Structures are given as structure tokens and as C-alpha cells.
Amino acid sequence: MKRFSGFNLIGEAFRSHQGWPEHWPDKAPKASYDAIIVGAGGHGLGAAYYLAKKYGITNVAVIEKGWLGGGNTGRNTTIIRSNYLYDESAHLYDHAVKLWDGLSQELNYNIMYSKRGVLMLAHNVHDVQSFKRHIHANRLNGVDNEWLTPEECKAYCPPLDISPRTRHPVLGGALQRRGGTARHDSVAWGYARAASALGVDIIQNCAVTGIRRGADGAIEGVETERGFIASRRVGVSAAGSTSLVMKMAGLDFPLESYPLQALVSEPVKPIFPCVVMSNTVHAYMSQSDKGELVIGAGTDQYTSYSQRGAFHIVEHTLAAICEIFPIFTRMRMLRTWGGIVDVTPDRSPILGKTPVKGLYVNCGWGTGGFKATPGAGDLLAYTMAHDEPHKINAPYNLDRFRNGRLIDEAAAAAVAH
Amino acid sequence: MLLIHCPYCEEARPEVEFAYGGEAHIARPVDPSTYSDEQWEEFLYIRSNPRGRHHERWRHSHGCGRFFNAVRDTVTDVFETTYKAGEARK
Amino acid sequence: MTGFRLADGGRIDRRTKRNFTFDGKARWGYAGDSLASALLAQGQMLFGRSFKYHRPRGILGAGVEEPNALVTVDRGPGRVTPNLRAPSVAIHDGLKAVSQNRFPTLKTDLIAVNNVLSAFFPAGFYNKTFMWPRAAWEKVYEPIIRRLAGLGDSPTTRDPDHYDATYAHCETLVVGAGPAGIAAALEAAATGGRVILIDEQEEIGGGALSDPAQWAWLAEASAKLAAMDNVTVLSRTTAIGHYHQNFVVAAERLTDHLAVNEAEGPREKLWRIRAGEVVLAMGAIERPLVFEGNDVPGVMLASAAKTFALRYGVAVGRKVVVMAVHDSGWRDALALHKAGVNIAAIVDLRRDVASDLIEGARDARIACYQGYAVTSISGGQAVKGVTIALAGFGKGQQLDCDAVLMAGGWTPTVHLWSHAKGTLRWDEAWGAFVPDKTHENLRCVGACAGAWSFGKGLPGGLLPAPKPLHESKAFVDFQNDVKARDIGLAVQEGFRSIEHIKRYTTNGMATDQGKTSNLNGLQIASGVLHRPVTEIGLTTFRPPYTPQSFGAILGHHKEALFQPLRKTVIDDWAASHGAVYENVAQWRRARFFPQGSEDMDAAVARECRTVRSAVGVFDASTLGKIEVVGSDAAEFLNRMYTNPWKSLEPGRCRYGLLLGEHGFIIDDGVSARLAPDRFHLTTTTGGAARVLNMMEDYLQTEWSDLDVWLTSTTEQWAVIAVQGPKARRVIEPLMEGIDLSPEAFPHMAVREGRICGVETRLFRVSFTGELGFEVNVPAEHGRMVWEAIWAEGQKHGAVAYGTETMHVLRAEKGFIIVGQDTDGTITPDDAGLGWAVGKKKPDFVGKRSLARPDIVAPGRKQLVGLLTDDPQAVLEEGAQIVADPNQPVPMTMLGHVTSSYHSATLGRSIAMALVAGGRDRMGETLHIPMPAGTISAKVVAPMFYDPEGSRLNG
């Protein structure tokens, strides 16, 4: 691996950058590996990297049906935060945030983690109570999150309309300063490059067609478009396609896959300094390094693998954005796209062992998987290396759907009265 | 926006008149107390989530208010058919 | 000066001059000019600066494919729009256009230093650097990158314009009104069906607008379409996306082409069109050629030059060289020559060119260079000449010129086809993807179907060059400054799929969405990889086809119309009595009624005291209400709710607790049995629709044998709660036909009668712990009855109270509010409502889940009361509770405060909390660590006032 640095960049400039090698060599699959990861998104590539880097397992393959980073890793709105309510969630996401910090240096790949702050807006008394609950829980969990008055919100994010004329006036906000964004593609590429340098084989355009289990039921390997690949440890990190892969292993999963849309505006000069989320109004926005306003839309109501959503979702999303930020009505939508998000009944992930020996899973991140990328990768790697979950991901087991120990962040914020 | 044929109104209407109701043909047990925790988990949470033909429920919530079933391809989102609640799986 | 106005020709109105400004300088054009044509006519070649290197850029195309000439148009305060394409901006008097992405001026842009340093900024450079020192990324590098990025400036003030939206339905929708689209529309219209024909340009005609020979036909066809009742023609309207089942979204621009003082009505209108059949006639876009210097202002598409000359009467240069790899370049050259443009030479990489083209050029005395390629351009801010060389190699020869036209072949516009998930087929002859299969009732006609003959040409856009690829400065994506060498670098660094290459280089990701760059990028990658294009893939086209204002998409959905604000019939009265409101779900509710200079605490204290000592009146109309009727109504409710309903006598009320099938509380409310087959249910304010839907679900799909009918009556009844020891005395004089005596009308009873002459369902219920009634009257009489009760109440010292007082009073009694004291993870037992679960019932919704292992395990959070050691300390709702305040972070949290108030009645604070194993902790002191210090509180039963309930009797 040729080291990335400003010095080398200048050096290469004098020979037209002909000296840069491949980020990752395109490998043909070997007959067997010590571990296989199915799915080369950020989570799967991260798992491969940490297996090799932290847990000493370097004979690893990452198998991807398309191109690495081509799924939800490359389709999300890149928000990073960890100000979750429950201890389990706060620990899980804060594990990731701690890894985000310094990840560029660790991978020697600038993933452009920008601690711009994530500001979540409260619009009614219930929101205020709920956010205060989050803030106090976060404080006692060592996760930063602070309350801002409407005026402080406005100062932090000047395009915000805090006037009482809006349908849902801003009553305040919860700010996590360590929250922010990172460049999504770079995360996948950075992990792929670093994992590859540690000996991991990245095998693209190689769909898994079956999962082979031995007489004792344990995993023996995976059937692929390019033949059988043996391994006694298989980690599935296939997001929207997890149900399909699990069925190959004979497992039915508590998952449904929904279309989720996002969109960007045309690029403009810096106008929007942070990430703003409003669950009540349904608006999620930041501005990318390139200058585009990056806007998260909602899921469609029905399950689908079409990577295509309905236009009325976009209508509602932009109405919500302009409700809070009315100066943007003349901005123009440049590009919309859809991803497939896998959602569990409690909208928290499943990350750990499965009933099949040697088969591990990382799925169910719903609309919020990007922020967890380094943490999910590390914890999947840990679980595969030890055949035991780490204490952080232990609660994210499959058993919870049987025993009722759900981790339901969304329900905790539910509005009733 | 999908166009959905309501088998009660016998008319294709825009999706915004309808509410999705999840996977179809998952009947609530007559006596849930006889279900084991595993069976109950399956009833509550396990879903087929197929890539392709999906049996699903919709409610014409801003129309006749009736629940009905549909078969839709989850890759193309094209409806194969819709049929009334209580009719056999198609 | 290079460009100029031709003596005649074009569709402009030479009698009508339009004055406008560009970068503050006065300019003019004719009516019918675009901003691009008017400026070109005046010799302006420099229009903008590229995104990354700030290279000077001119016009590339004459339509929506334009990547370079982006301007900000300023139509006055709040009406500033960045990033508009100059060829698509119609000029009008007073137009103010400003160039972008330059500092300080377009001509002298200091940031163009990036161009000098461009060797250090290849594709993906930012991944390779700016990592040390660590803190510098956020403090130094990123802010600089951000400031350099972006194009125009965002608007900064509220937009005074408004936007319209509509739905439309038709048998046939034709997108694109060029000759093929017009023909399709005429054909469809002849069958009598409704036809909508939409086109993005100022007038219909498409390519025919640049071909005077077709103008007579065009006029005739336009008139014919206009005369047909079943045809709607929408120009200045862009079909931005195709969605499921032929749902096409289009945006019509209504006023931007008019002078500000002439612009009336909405600025844009969104059309949501559902069509039986969609015909795409979106034409094709010419491809640029990729050669050294192809981005110098003055190098443009041949088709653009033709449009400028024949449609706008503008020559793009005085001496023009055409660089073609396609027959259409020759045809355009000859058309330009005929229009009076001086074509100095036609250069074609092909040796073999159709003889009629060569003869045509010879007749026009145009020099022809077959087998040659342009290898460089001289000139910085404008073309001064070209170097051409045989097969692109060798020293070559110089040709003087001031404009170079590129004819690189054509790309069918298949965007909407792809939105519809139609498949594409690679067509070698076109060197492009053409439509193949679709599952929609959708077809392409004309050029976008690959069905229009532009002649022949070479498929690839990269010209041979003496320099190796990695040294070339030939641009592929002009706006994003992606060079052919960047694509080479991406491939060299292991990026093999077009999706990767696109993302690594940003090719095709600019505001033109790759209309002129995608295919060239793909073919260059194909060449470098020595693999066929089809193996490298195709980037997906995503809506919108061209950038679309947020304003038109959200339409009327803003401010008051963003979401309906639900108000009760008593809301106006509350407003006139000084109510301060809060939003609850979609409703606004009076929160408290301050008097004089009272703040909320003072008002609430007064309201609470008055209710406890005299009487208060509260508007409870927002409560959800469902009428449940039928012979099986009691059986149905028995299955839905946790508690038994069959034994409830008519005339009695019962508290109902509703779980989800997961066993957690989702709603509650007091309901009344009016008759054996009739119940009046109430739900929470926010839960009404959800509960009705859930009940319908079970009724229709699980228990369809039950004879039950459900009707939402939330808005049919106004509900006036009269609470307090004097409540009976307040309503008594107004009632007819109901004996209010405690014996005849006990607590938790319901009676039907009349109040103030109108029918009422009178509930004797209490959410305050006081003697109380809830007067339900038909909504239309609600205000009248409220005022009558209010007037009567005045004799007894009544107050009107709001939701805040309601909260305090119920908390004093330990009554929960679903959603505040529960959160979607709480079972009846957790909430201390085990008494409301029918132990003998074999089943109810959620019952089985209550037997799951974790639900029956000890240590669950349970609702308790908290009394702070300092009686005046009011805990913050949401504050977390610990056993040991001195433990290090992360602390073990036992639960949180769900409700907390100062109780004026008790003269101290009270709180409710969910605490792990809470009911076993009675009397224990727990701690609430706050930033300002830890507060200690004792665990008590969640019942602070009148535990015996004696006050219910008044």
C-alpha cells in the first residue's frame, strides 16, 4: 500500500500521478478462508478490516454481489451521532463515534469526518420532555448532548426559522457537537484499501447463491456465482438483502425491507453549518463539502427492493425542509435516489450470533446504519473472532424478539397524549 | 405513487388513499395462550420479506375503509392482483 | 469580440429590444433571445468558472445540457436564484444576471490559481491528504474546501413568490414537442382521448425551432393542436420524473420569463400527471469531443451553434472550425454556412465521409481535413486558433479561428425511460444506450428511441492525441473539471465499475447530471480497461431530469397549509380569553389562561387552586371518540381492551386500557355503555386515528363474524369538562331530564339528556380527583353550551383551565398520561395498572405478549411517585434517576422522571417516575444528578392527594 500524504501527492504530481497503485486488487476467490463476510458495504468492509487489524484473522474474504460500497453505504445522508436514549443504544453508537474520530489517520484515507454538530429540534412540549430525557441519559452515559434555546438554535444554524409563524414553532433543540458527517464513499474505499493491505481479499461481482451447512448444522461455506468458498465463519452484512441470504441458511428473520429516499440540491456556497434533524416535522439536512444540501426523505409505506420511491414522499420532505428553512424554496433539487433499508420490529439492529453455528449477522440498521459503520464493523469482527458477542452488542441479539427485551428507541419517542 | 385497485370499490385509486398493512395471511391464533414463545415470536415478527411476489394487506383508508389483500412484485412494485379479505391466498 | 448578430434569420423579434444586465453591465437583446444568445450576439464568450479549477468557461450547449454557463438571476429581494443555465434563461427587460464561482470578477478570478496547481488536485486528491495535523481538517482544510466549493450563493431571505400545484389525467402524455412528439400528439389526439403535450422550451418545436425549413409545418401543427379541445399543450414545462404506473411529474415555469413588474400569480406550477400511455419524445443530446483545450470558451457543440444561428440569429464566431466524428457536424456546418456563418474548415477524424457531405462542403468552399483531429486550442479566455494533426499525431498545423464546434455524435435522452426502470440496450452505431424493454405502458419515439437518422459517426468521443492520456488536459465533465486523465487515474487506482469511476472522479455528478459527460466517461473507461462498455455498466438516471425548485415541489404546503391545524369549536373563546396554546398532535390546545402579568406557574397555580376549591371548566374536545355499535360490541371491546366489558351495565363508564399485540400500552380512555349494543369510546388526543385503524383491522380481518360498526365521532362531539366541588351546581340549572343527585348519577356513570336545550351525553367522570362531569354536546352547539356553563360558573368563581393544569391535577392523583408516563415499552403492570387487566379473560390483544420471559422477569421499570427532599425543588421531566450519585460515568440509571410539577394544592413539588423495581423501593431515597447538583427524592406511591377518593363525591 502506497502511503497517502500531502508529500506523496506532491511527488506524484510531478509524474502525472502514475505511481498510485490500485486501492484494492480485484481478487479471485480462494478455495477457503478463515472468515467470509457477505456484503462489501462500509459495515462488511469494516468488519474485514478489524478482523485483520485487531483480531488477527487476515485470511478473510469479503464477497459482494455488485460493487463495493454500492448499496446503502453510497446512498445515505452521512449523518453521524450517538445521542441515543437507551444505554444499549448510546453505548453502541458512541462506540462508533469514538472510532470515527481518528479513522482518517488510522486508515490513512481521509474520510472527511466533519464534527459539524447534529441539532435535533423540539417543536412541542412532548418533544422537549423527550429530548431532555435523552440529554440527561446521555450526560450520565458520558455522551455529549446539550439543550439549546430557540435563540441558541438560530445562532448555531442561521437559516433556521424560529418565528412563531411556522406551523410547528421551534421550542429548542438538542445538540450533539461531536455529531456530524463523513464522506460515505470514502469510508467504504478507505476500509477496502486498508483491509486489502492487511491481506483481505475483496471479491466483487460475486453473488452468494447458497449457504452450505454440514451434518451438524454448522456453516461450511458459501456457494457463489464463482463457485463454492469454504469457511467455518461467515458474517452476513447485507442490509436490505439480509432476509434473502438468511433464507439460504434456512433462517427466517424478523426483517422487512423498505425503500428510503434521499436527495441533494444543486451546490451552493456554504450556507448551512451543521446537521439539523426534526422528527416532528420530518426534516433532515446538512450541506456537503461540495456545497449540496443533503436531505433525507422518509421511507415509503410498503416493502420493496426497487430502490425507487414515490414522489409524494419527496413533496413532503421538501415541504418539511422549507417549513423550517423557508429561505430555500428557490434552491433546486438536483438528484434523488432510493436505497433499501432493512427494518426490525424494534428498529434497532441485530448484531451477533445466529442459531446456525458459525453464521453471524449484522443487519436491521434501518435508516440509521451509516453512523454506526466503524462500530458495527468492529463488533461483528469481535463476535466472529470470539464466537461470542462483545458486551456492547450482546443486547442486539435475535432472542429479544422472543423474550420481549426490545430496544425500541422510536417507541420511546412516540407521541400520544 | 402507486395506483391500487380496490376490490371493494372496483376502481384503481392513487396510493395516498391507502394505508399499507404489512404481510398478508398471517392469521392471529384463535387461542394465543397455546402458542409457545417461539410460535408467538413468529406470529408477531417473522416476515417473509421476499424479493418478488409479496402477499400484503392494504386498507382503503381514505375510501371505503376496507382491508384487502394484494400480490405485488417487490422488485418492480407492479401489482399482480388485489382481492377481498377472507378470499384464499392467490 | 467574436460572436455577432446575423443580418437576418432566427425566431427573435428584431423590432422588440430587451435591456438587461450581466455582471452589472448594461446589455441588450431581442425578444425571443435566451441570455446565452443575447450575450453571444454581443461578443461575450466567457460565461462562468468551473467548479474545481476555476477555469474560464463559455457556452457548450444551447439547451438543458449546458454545464458551464451558470448564472445567478436576481429578480429583487428574496427572488435570487443561483445556478441557472444561460441558454435556458429567457431575457426580459430588467433581467439582472450575475456570473458565479469567481473572485473577484469573472475575467480576473484569483481562485484560478487552482488551475495552476491542478496537478496537485487530481480526482480523489482529498482522500489522500489533509489528514495531519488531525485538528487541521476541521479548523483549516475543510472550511477552505467548502468555501472554494459550491457554485452560486444560496438565497438568504424568504421567497415572496408562491407556487401552484395540480393533478391531471390523460390517455396519452407526450413528453417533448419536437417533430416526433408533435406527430405522436396529433396521432393520439385524433382518437379523441385526452392528450397532454409538454415541452421544456419557451415554445414547442424542439429541434424544428433550429430548422427554418420546418417552421411552416410547425406553425400549422401548433395551430392544429391549439384548436383541439382534447389537447393540452404545456410549454416551459419540464417532465422531471417518471414514477410508478405512468405517474409523471412536470413543472411549469410561469413567470420567470417575464419582467418582474409583469409577473403575476404563481412562479411555477407542479403537474402531477397520471397517463394511460406515456410517449417519450425527448430527442437526443449531442456529445462533445474530448481533446486538449476542449473547454476553452468558444469551443461548443455544433448543434448549439446551429441553434444560435438559425433560431436566434447569432453567429458564435467570425471564423469557425468544425471538429466532427459524425455526419451531423457536416450538416450543421453547411446549415451554418447557409445562414451566413463563416465556416473556415471541417475537420473529421474519419477518412471516409459520405460524398454528398464532402461535395456540399466543397461547394461552400469550406476546407476539409479528413482523418485529422484537433490536438490543441490556443487561447485562454477565448479561442484564438486550433492545431490539427493527421490522426491526432505529429506536429500538426495551425488554423486561425475564434470558435470550434464539436460534433461527437448523439446520446438519446432516455432519462425518463430509465426512471421507469425501462432497460437499455447498447447500440454500437449510436455509441449510446437506447431504450429496450419496459413493464410500463411507455414508448419512445424519434431520436430518444434511437429512431432518427443523424447519419453515421464514430462512437467514441476521445480524440487521438500526441500526449499520453495521463498528461492530457482534455475535459469530460466540464462543470466538475473531470479530465480524461482523471478517469484513467481512477481505473489505475482500481475503480472498475462506472459507479465507482463516477463517484471517484465526480464525472456526471454536476448540475447537468452528466448529460454531455456520462457517455464519454464510460467510453474512455472502456478504452482504458480494454473491456466493452456493457461490462462497465451504466450509471442510473435519477429524477429530476433537470434541477427543480423546491418551491414548486412543496407547492402550497407551507406555513398554515403545511399541515392542518386542528382547532376545537371552543378555540376562539379560548383565544379571546387570553389562552396560551400548545400543539398536541395535530391540535392546538389551550395550555393555560394567564391573567394580568401571570406567568405559566402563577396561572397554573391559580387554576389548580380554583378547581380544587370551587370549579373549573376545561375544553376536552380533542379527545378521540369512537362510536361502537352492534350486538357484539361488548364482545369486541372485551377482546380489544385488557379489562372486562361484557359485565358493564348500560349507563356506566369504565376506564379502558389498550395494548398493542406486543403487550405494551398504546392508548387509554374512559368509555361508556349507552345501551346493550352501543358504546361511546374515548381515546387519547393523538391516538384517535391509530386506535380506530387498529380496531378496524381486528374487526375486518380477524373477527369479521362480529356484528360491530365503528364510527369516528371525534369531531362530532364537543366535550366540556366541569370539575370541582361546585361542578354539580354549575351544570344543574342548565340540565333537563337528568337527575344529577349522587344516588341517581354516581361516579363513572353516563346519562343522556339535554343541556341548554340540546342533546347531551353527560359523563360523570373525573381526571382531577374532584367531583366532575364531562358534557358531550354536538359540536355545532359546543360554543353555546360552553358559554352557558361559563356564565353559570361565574356565579361560583369558576376558572377556565388548560392542559397544564389538567396535567398537574391528574398527577396529584397519580393518573397516567399515555405517551408521557408510558413510552411504548411499558406494560400495564409496569404502569401500576395491573388492576385494569382482566385476570379471568382468556384472551385480549397483547395478552400473550405479557407472558414473555422478559416481561415477567423481575426488575422492570415501574411507575412510582417521587417526593424531593427539598419540597420546593421541581425535578426536570426526563431527568435520570440513580441509586448512587457518586458513581463514575457511565452511571447505572434506574429510570427517569416522567411527570413533575409544583403542586399548589400540596404546597410542594410532586413527580412520577419509571424506576427499575420501583414498587419494591418504597421509602428509599434515590438521586437525580443534575448539572447544577444532585437532587434527592424519596420513592412513594404515585398518589399524592386524597388517596381515599372522597372528593369525587363533591
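Which strand of chain C do two bridges join to strand 17 (residues 332–343) of chain A?

1. Basis of the note. This is a predicted model, in which local features need pLDDT of at least 70 and side-chain atom pairs count only at pLDDT 80 or more, while totals for chains, interfaces and linings use all residues. Residues are numbered from 1 along each chain as its sequence is written, chains are lettered from A and ligands numbered from 1 in the order in which they are written, and side-chain values use heavy atoms, with hydrogens and water left out.

2. Strand pairing between chains. The partner is strand 31 (residues 548–549) of chain C, which runs antiparallel to strand 17 of chain A. Within this pairing, A:Arg332 has C:Ser549 as its bridge partner. Strands are DSSP runs (E, at least two residues), as helices are (H or I, at least four), numbered from the N terminus; two strands pair if DSSP finds at least two bridges between them.

3. Chains C and A. Contact (heavy atoms within 4.5 Å) involves 130 residues of chain C and 114 residues of chain A. The two chains bury about 10800 Å² between them, 54% of it on carbon and sulfur atoms; buried area is the accessible area (1.4 Å probe) lost on putting two parts together, summed over both.

4. The interface holds 13 salt bridges, a salt bridge being a side-chain nitrogen of Lys or Arg within 4 Å of a carboxyl oxygen of Asp or Glu. One is formed by C:Glu559 with A:Arg165, whose closest N and O atoms are 2.8 Å apart. Helix 4 (residues 136–148) of chain C gives seven residues, the largest share of the side of chain C that touches chain A.

5. Chains B and A. Here 25 residues of chain B are in contact with 26 residues of chain A. About 2200 Å² is buried between chain B and chain A, 51% of it on carbon and sulfur atoms. On the chain B side, B:Tyr45, B:Asn49 and B:Arg51 lose the most area to chain A, together 30% of what that side buries.

6. Salt bridge between B and A. The count is one salt bridge: A:Arg402 with B:Glu38, the closest N and O atoms lying 3.6 Å apart. Helix 1 (37–45) is among the elements giving two or more residues to the side of chain B that touches chain A, and its four residues are the largest share of that side.

7. A sheet in chain C. Three strands form an open sheet in the order 21-22-23, with antiparallel pairing. Strand 21 (372–378) and strand 23 (397–400) of chain C are at the edges, each with a single partner strand, so one side of each has no neighbour in the sheet.
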